Amino acid sequence: MLVRVFFAAAGLVLVGLGVLGIMLPGLPATPFLLLAAYCFAKSFPRLHHWLVTHPWLGPYIRAARTGWRIPRRQALQTIAVLWISMSISAWLVDRWWVRGLLLSIAVGVTIFLERRSRSN
């Protein structure tokens, strides 16, 4: 039961980050929503169903599951904007662990976009 509560709580936090990712440039939405769907699938299937069928959040998950691809040029532009915004953010904060977190997110999103891109 404790594991289910942990996964549900993590899923809710990840949904929150995913929603922020939809609104904020440089913060990805899809990886957070995919992780939230995984957490909900492990804890409460009703929450998983709600997330996957949600009119605003569900399309991100469904598109990723069907193997969507983005044009290479768009991926490179997104990666460039991501690194510029993360670099500025890292420069503005004083805490080393926040800088490390920003760097980790940027690396993860870069890898994600690189794997999802196709040449056009």
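Q: Which element gives the nonpolar patch its largest share?
A: This is a predicted model. In it, α1 supplies the largest share, 4 residues.

Q: What makes up the nonpolar patch on the surface?
A: V19, L20, I22, M23, L24 and Y60 form the patch. Together they have about 490 Å² of accessible area.

Q: Why is L24 called partly exposed?
A: Its relative accessible area is 42%. L24 sits in the loop between α1 and α2.

Q: Why does V5 count as partly exposed?
A: V5 is a residue of helix α1. Its relative accessibility is 41%. Buried needs under 20% and exposed needs over 50%, so V5 is partly exposed.

Q: How far apart are V5 and C39 in sequence and in space?
A: They are 34 residues apart in sequence. In space, the C-alpha to C-alpha distance is 9.9 Å.

Q: How do you know that the span of α1 is close to the expected one?
A: Helix α1 covers residues 2-23, which is 22 residues. From first C-alpha to last, α1 reaches 32 Å, and 32 Å is expected at 1.5 Å a residue.

Q: Which residues of α1 are buried?
A: They are F7, A8, A10, G11, L14, V15, G18 and G21. Seen down the axis of α1, these buried residues fall within an arc of 165°, so they line one face of the helix. Their cover includes α2 (30-43) and α3 (45-53).

Q: What does the face of α1 turned away from its buried side carry?
A: That face carries the exposed residues L2, F6, L12, V13 and M23.

Technical notes:
Residues numbered from 1 in each chain as written. Predicted model: local features only at pLDDT ≥ 70, side-chain atom pairs only at ≥ 80, totals over all residues. Heavy atoms only, no water. Helix = DSSP H or I, 4+ residues; strand = E, 2+ residues; numbered from the N terminus. Expected span 1.5 Å × (residues − 1). Buried < 20%, exposed > 50% of the residue type's maximum accessible area, 1.4 Å probe, protein only. Arc of directions from axis to C-beta. Contact = heavy atoms within 4.5 Å. Patch = residues over 30% accessible without salt bridge, like charges linked within 9 Å, V, L, I, M, F, W, Y side chains within 5 Å. Areas by Shrake-Rupley, 256 points an atom, 1.4 Å probe, with all protein chains shown as cover. Salt bridge = Lys/Arg side-chain N within 4 Å of Asp/Glu carboxyl O.
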